[in-house]
Amino acid sequence: MTRPESEPAGHGAAEGAVTYRVAESERDRTAVIKGEFSSDTVFEVVDSGGNGFSLRPVRLDRPIHKVFPDDEPEGGEPSTGARRFVALDGDRVCGYVDTEYEPWNRRLVIADIEVAAPYQGRGIGRTLMNHAIDWARTCGAGHVWLEVTNINAPAIRAYRRMGFALCGLDTSLYSGTESEGETALFMSRSLDGPADR
């Protein structure tokens, strides 16, 4: 990593300095933060006449608040290319990013990134993502890839600020789930250029 193992989060933390490191203990590896967000905007997918798509931000009359359902399979074994980075406030995990490296296409997948609600908006997600990107470079990845729902405008804006661009979508990924009707957006960031902070 290019940053120190212990790095304070921007704007101060709720109870002290937030530090970052690779998940070491079983508690680190199994901590779960219920994903949630609020948004006053959704991104509507617009068909560009069969030659692609564009996204149009649509302002909502009333903001939405979403808590992600627990839909992960039980007892899943982490892949050998998996690594978790955690953000800690004292000994409390207040954020994490789970990554999986896929050597066949040199892709580091952001499998999950969560920051507990009281810690959101403090740069913790960006710092966790920077640790993931450093790990991607260490693995020899050519790009970092993630999936986000079209209704999570705060995350989409944040990923764009971090250098991610839209690279695809799936209108059926959430069919039959509690997220029915939402569109999965895929975003990617090339690592061919210089590191950005």
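A charge sits over a ring when NZ of Lys or CZ of Arg is within 6 Å of the ring centre and within 35 degrees of the ring normal. This is a predicted model, where local features need pLDDT of at least 70 and side-chain atom pairs count only at pLDDT 80 or more, while totals for chains, interfaces and linings use all residues. Residues are numbered from 1 along each chain as its sequence is written, and side-chain values use heavy atoms, leaving out hydrogens and water.

| Arginine | Ring | Distance to ring centre |
|---|---|---|
| Arg83 | Trp135 | 3.7 Å |
| Arg84 | Tyr96 | 3.7 Å |

Now for ring on ring. Searching the whole structure turns up 2 aromatic pairs (Phe, Tyr or six-membered Trp rings with centres within 6.5 Å; stacked under 30 degrees between planes, edge-to-face over 60, tilted for the rest). Trp145 and Phe186 make a stacked one, at 5.1 Å centre to centre and 25 degrees between the planes. Trp145 sits in strand β7 (residues 143–149) and Phe186 in strand β9 (residues 184–190), so this pair ties together parts 41 residues apart in sequence. Strands are DSSP runs of E, at least two residues, and helices are runs of H or I, at least four, numbered from the N terminus. Both Trp145 and Phe186 are buried (under 20% relative accessible area; exposed is over 50%, partly exposed in between, with a 1.4 Å probe and protein chains only).

What about Ile110? Beyond its neighbours within four places in sequence, Ile110 is in contact (heavy atoms within 4.5 Å) with residues including Met129, Val144 and Trp145.
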